Amino acid sequence: MSSSVLKKPVKLSCIQLASGADKAANLKHAASQVAKAAQAGSNIVVLPECFNSPYGCQYFPDYAETLLPSPPTREQSPSYHALSAMASENKIYLVGGSIPEFSPDTKKHYNTSLIFGPDGKLLGTHRKVHLFDIDIPGKITFKESEVLSPGNKVTLVDLPEYGTIAVAICYDVRFPELAMIAARKGAFALIYPGAFNLTTGALHWKLLAQGRAVDNQIYVAMCSPARDMSASYNAWGHSMIVDPMAKVLVEAEEKEAIIEAEIEGGAIAEARKNIPLNTQRRFDVYTDVSASGVKFEEPGL
Ligand SMILES: NC(=O)CC(=O)C(=O)O
């Protein structure tokens, strides 16, 4: 793999958005923050997990939108149309965080990210593959699988001017295989809209961002909602962009913020030249999980 994984330098930003219960207000607010990031020069903009709703199993069905048939009508998915307009009006690539989705085909709910190009066209979708089911007694219990179903593919999205990004959602960051496959397939950045909490955020958020970066010698962006202590789920915040040597280039605090960093292919090439993991792997000792049987496409989403 060479430096050409990122064709030219690009400004990447994460919007650590403050969202509430009013979906229309959330969409309007997201639009104003995306415009701000674009005016400041960002070409790739990322929103957080469940940016249009509160985060929690009790909310997913009420906030869910229908994305099929594609494109959906405005009634079926106001968020799809709002995100498409944010991308086209600002001429940016937009990783639209995630939204709760209901599929009329499968009759199931998903946690889904929509990725749009500068012309407002949908470039890709990712349904959260690994659902957030944890139980840390006395701290946090969460069971997304009570309401949501998992996606079933690795998501790589081609941004013609720049190269390929991988998009996954929050808990997906804990699974190194997914990141490894995306990096071996040529992604220049792993982008995770996410919403860790005060327990796991303090322990693992930064560690995982740096871990995925150093394992794969790749940029990593993790984009959280702003922390709201009056909400039922308190997001960790601390959105960050990490470079291919695992250095944190920029990190938000807890409150609403836009963080941005210029990223460039030379840093990926240099990391891979100086520490040449890509030529030192021992596939005679262990299996290359990226070599076969990887699912990239999901018909109709
Ligand atoms: N919210 C998530 O999906 C994941 C999370 O908070 C964690 O892994 O911790």
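User: Among contacts in the chain between residues at least 6 apart in sequence, what percentage join residues at least 24 apart?

Analyst: This is a predicted model. Take the contacts in the chain between residues at least 6 apart in sequence. The share of them joining residues at least 24 apart is 68%.

User: How does the radius of gyration of the chain stand against that of a compact globule with 301 residues, and what is its value?

Analyst: For 301 residues, a compact globule would come out near 19 Å. The value for the chain agrees with that. Its C-alpha atoms fill a box of roughly 50 × 45 × 40 Å along the principal axes. The radius of gyration of the chain is 18 Å.

User: How many helices and strands does the chain have?

Analyst: The secondary structure includes helix α5, residues 198-216. It also includes strand β11, residues 187-193. For the chain, the count comes to 7 helices and 15 strands.

User: Which residues does UniProt list for "domain: CN hydrolase", and how far apart are the end C-alpha atoms?

Analyst: The UniProt entry, which is unreviewed, lists residues 10-265 for this domain. Over residues 10-265 the chain is 25% helix and 30% strand. The end C-alpha atoms of that stretch are separated by 9 Å.

User: Which residues of the largest nonpolar core touch the most other members?

Analyst: Nonpolar side chains tend to be buried together in soluble globular proteins. In this chain, 48% of the 301 residues count as buried. The largest nonpolar core has 90 residues. Those touching the most other members are Leu94, Ala189 and Ala221.

User: Which residues does alanine 189 touch, not counting residues up to four places away in sequence?

Analyst: Ala189 is one of the core residues that touch the most other members. Leave out residues up to four places away in sequence. The residues touched by alanine 189 are then Ile165, Ile218, Tyr219, Val220, Ala221 and Ile263.

User: Is serine 98 buried or exposed?

Analyst: Serine 98 sits in the loop between β3 and β4. A residue needs 20 or more other C-beta atoms within 10 Å to count as buried. Serine 98 has 30 C-beta neighbours inside 10 Å, so it is buried.

User: Which residues is serine 98 in contact with, leaving aside neighbours within four places in sequence?

Analyst: Isoleucine 268, 170 residues away in sequence, is 27 Å from serine 98, C-alpha to C-alpha. The contacts of serine 98 are Glu49, Cys50, Asn111, Thr112, Ser113, Lys128, Ile169 and Pro193.

User: What is phi of lysine 91?

Analyst: Lysine 91 sits in the loop between α3 and β3. With 12 C-beta neighbours inside 10 Å, lysine 91 counts as exposed. Its phi is positive, in a residue other than glycine. The value is near 50°.

User: What is phi of alanine 246?

Analyst: Alanine 246 lies in the loop between β13 (240-242) and β14 (248-251). It is partly exposed, with 18 other C-beta atoms within 10 Å. It is not a glycine, yet phi is positive. The value is about 75°.

User: How far apart in space are lysine 8 and glycine 163?

Analyst: Lysine 8 is in the segment before β1 (10-16). With 10 other C-beta atoms within 10 Å, lysine 8 is exposed. Glycine 163 is 155 residues from lysine 8 in sequence. Their C-alpha atoms are 8.7 Å apart.

Notes: Residues numbered from 1 in each chain as written. Predicted model: local features only at pLDDT ≥ 70, side-chain atom pairs only at ≥ 80, totals over all residues. Helix = DSSP H or I, 4+ residues; strand = E, 2+ residues; numbered from the N terminus. Rg over C-alpha atoms; globule rule 2.2 N^0.38 Å. Contact = placed C-beta atoms within 7 Å. UniProt positions renumbered as here; feature names shortened; annotations may be inferred. Core = buried A, V, L, I, M, F, W, Y, C linked by C-beta atoms within 7 Å.
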